[in-house]
Amino acid sequence: MKKFKNSWLIQLKVWLRALVRDPKQFVRNRDICECSSCGYRGFFATARKGHVHAAFRCPNCESRPRDRNIALFFQKNALSFDGKSILHIAPEWPLFRQLKAEPGYVGGDIQKRRNANSIVDITSINFDSNHFDFLICNHVMEHVQDDKKAMEECYRVLKNGGVAIFSVPLSGKPETWEPPAGMSVPEIEAIVGWDHKRYYGYDFADKLEKFGFKVEIFKINEAEAKLHGIASGDFNDEIFIARK
Ligand SMILES: [Zn+2]
């Protein structure tokens with residue numbers, strides 16, 4: 001996997017964007033963070049003014065909290081993408097850029113995009129069963145009408161012993177909110193956000209387990225969260241580790 005050296009071009013882009021969005025962050029955020037994705041140490045950029053993440057974007061590799069969370073999970077479990085087959089659904093740019101040259105990497109999206117190298121429909125994945133060592137699916141399921149079919153398909157294409165990593169916007173409640181029958185799309189979106197079909201609770205893990213996954217939430221302590229700019233306060237961006 002390609003590791004990032006200091007890139008002045010990316011840094012310039014991130015800091016310029018940060019300057020436009022929230023100039024006061026340059027005097028406010030003085031925490032030194034460490035990027036678990038690229039190894040950069042220094043200041044991170046804020047997402048936007050008032051955002052729950054003070055340290056949001058790594059200026060060196062553009063990683064966001066969820067990218068660094070996955071990288072930290074790999075580090076702590078001594079896992080590596082090297083030589084593995086990987087299905088990355090609706091790829092995030094920082095990880096796509098790192099992995100796209102790997103022969104076993106499939107960055108799949110439902111439509112052609114700059115940061116995807118394949119067309120993949122998560123409810124009908126065009127690969128054989130037991131094909132992938134890793135599957136990464138961040139903030140996708142909330143957009144999928146038939147999320148059960150999608151979970152079943154993710155389980156099918158993962159190898160025995162493989163690891164799938166999911167994250168979704170979480171309400172923080174135990175149970176998922178599903179819109180009642182007959183509710184209009186604008187009414188639903190007013191509650192759950194644009195194009196979202198539901199608001200998941202922590203029973204997201206149970207939903208995955210129904211299809212055979214063994215699921216745990218990757219837990220990190222406060223010091224790790226602060227150091228890597230991963231979580232703060234009551235904002236939940238946990239990753240669900242689903243093993244087959
Ligand atoms: Zn980084």
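The cut-offs: 20 or more other C-beta atoms within 10 Å means buried, 12 or fewer means exposed, and anything in between is partly exposed, with C-beta atoms placed from the backbone. Before going on, note that this is a predicted model, where local features need pLDDT of at least 70, side-chain atom pairs count only at pLDDT 80 or more, and totals for chains, interfaces and linings use all residues. Residues are numbered from 1 along each chain as its sequence is written.

**Exercise 1.** Place Gly42 in the fold, then work out why Arg114 counts as exposed.

*Solution.* 
- Step 1: find the element. Gly42 sits in strand E2 (residues 41-42). Strands (E, at least two residues) and helices (H or I, at least four) are DSSP runs, numbered from the N terminus.
- Step 2: check a distance. Gly42 and Pro59 are 17 residues apart along the chain, and their C-alpha atoms are separated by 8.8 Å.
- Step 3: turn to Arg114, in the loop between E4 and E5. Arg114 counts as exposed because it has 8 C-beta neighbours inside 10 Å.
- Step 4: From Arg114 to Ser171, 57 residues along the chain, the C-alpha separation is 31 Å.

**Exercise 2.** Work out the strand order of the open sheet and name its edge strands.

*Solution.* 
- Step 1: read the order. Seven strands line up as E5-E4-E3-E6-E7-E9-E8, with mixed pairing. Strands E5 (118-119) and E8 (214-217) are the edges, each pairing on one side only. Two strands pair if DSSP finds at least two bridges between them.
- Step 2: follow E3 (residues 86-89). E3 runs parallel to E6 over four bridges, and Ile89 has Cys137 in E6 as its bridge partner. Four bridges also join E3 to E4 (residues 105-109), again in parallel; here His88 partners Gly107.
- Step 3: cross to E7 (residues 158-167). Six bridges hold E6 and E7 together, in parallel, with Leu135 opposite Ala164. The chain gets from E6 to E7 through helix H5 (residues 147-157), in a right-handed β-α-β crossover. Right-handed means that, with the strands pointing away from the viewer, the path from the first strand over the helix to the second runs clockwise.

**Exercise 3.** Which elements do the buried residues of helix H3 pack against?

*Solution.* 
- Step 1: locate the buried residues of H3 (residues 65-76). They include Arg66, Asp67, Ile70 and Leu72.
- Step 2: name the partners. The buried residues pack against helix H4 (93-99), E6, E7 and helix H8 (222-228).
- Step 3: look past the end. Ala78 follows H3 and has a positive phi, near 50°.

Notes. Contact = placed C-beta atoms within 7 Å.
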